Amino acid sequence: MISLTDSQKIGMGLTGFGVFFLFFGMILFFDKALLAIGNILFVVGLAFVIGLERTFRFFFQKHKMKATSFFLGGVFIVLIGWPIIGVILEFYGFFLLFRGFFPVVVGFIRRIPVLGYLLNLPFISGYVDKMSESNNMV
């Protein structure tokens, strides 16, 4: 069992609510307010989980500046009122930022009974393997 500090527990909750609001905002035809709240909660929750200094170091590494600019630019564009364009930029930036984590996530999901079976289907397995390949370190 992993022990979490109180601030990390708060961060997990904030991040979870952020993902929920982002998902709910997209379901409700890209509602600006829900997407803005989701973005803010996600970024603040991430800072609570891994700490403020590590968050800045993660986002502002030299080789991740392009990804950070897309992600934070997308957040800014959602906040000024263009949700569809902002979400597209955010997803691209999110993919670039966290693509080093995808092989770990895919390996974990393959151990879950139903989801693992789905990921190991012949026509899905090759696509998931190709998408989860990563030469970049996290």
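A nonpolar core is defined here as a set of buried Ala, Val, Leu, Ile, Met, Phe, Trp, Tyr and Cys residues joined through side-chain atoms within 4.5 Å, where buried means under 20% relative accessible area, exposed over 50%, and partly exposed in between (1.4 Å probe, protein chains only). The model is predicted, so local features need pLDDT of at least 70 and side-chain atom pairs count only at pLDDT 80 or more, whereas totals for chains, interfaces and linings use all residues. Residues are numbered from 1 along each chain as its sequence is written, and side-chain values use heavy atoms, with hydrogens and water left out.

The largest nonpolar core has ten residues: Phe42, Leu46, Phe58, Phe59, Ala67, Phe71, Val75, Leu96, Leu97 and Phe98. Two or more of these residues come from each of helices H2 (32-50), H3, H4 (65-80) and H5 (83-98); helices (H or I, at least four residues) are DSSP runs numbered from the N terminus. Beyond four places in sequence, Leu46 is in contact (heavy atoms within 4.5 Å) with Thr15, Gly51, Thr55, Phe59 and Phe98.

Thr55 belongs to helix H3 (residues 52-59) and is buried because its relative accessibility is 8%. Its contacts outside four places in sequence are Leu46, Ala47 and Ile50. The Thr55 side chain also reaches the backbone oxygen of Gly51 at 2.6 Å.

In helix H8 (residues 122-132), Ser125, Val128 and Ser132 are buried. These residues line one face of the helix, because they fall within an arc of 75° seen down the axis of H8, the arc being that of the directions from the helix axis to the C-beta atoms. Helices H6 (102-109) and H7 (113-119) are among the elements covering them. Pro122, Phe123, Tyr127 and Lys130 are exposed on the other side of H8.

Technical notes. Polar contact = N/O pair within 3.5 Å; in protein donor to acceptor, adjacent residues only side chain to side chain.
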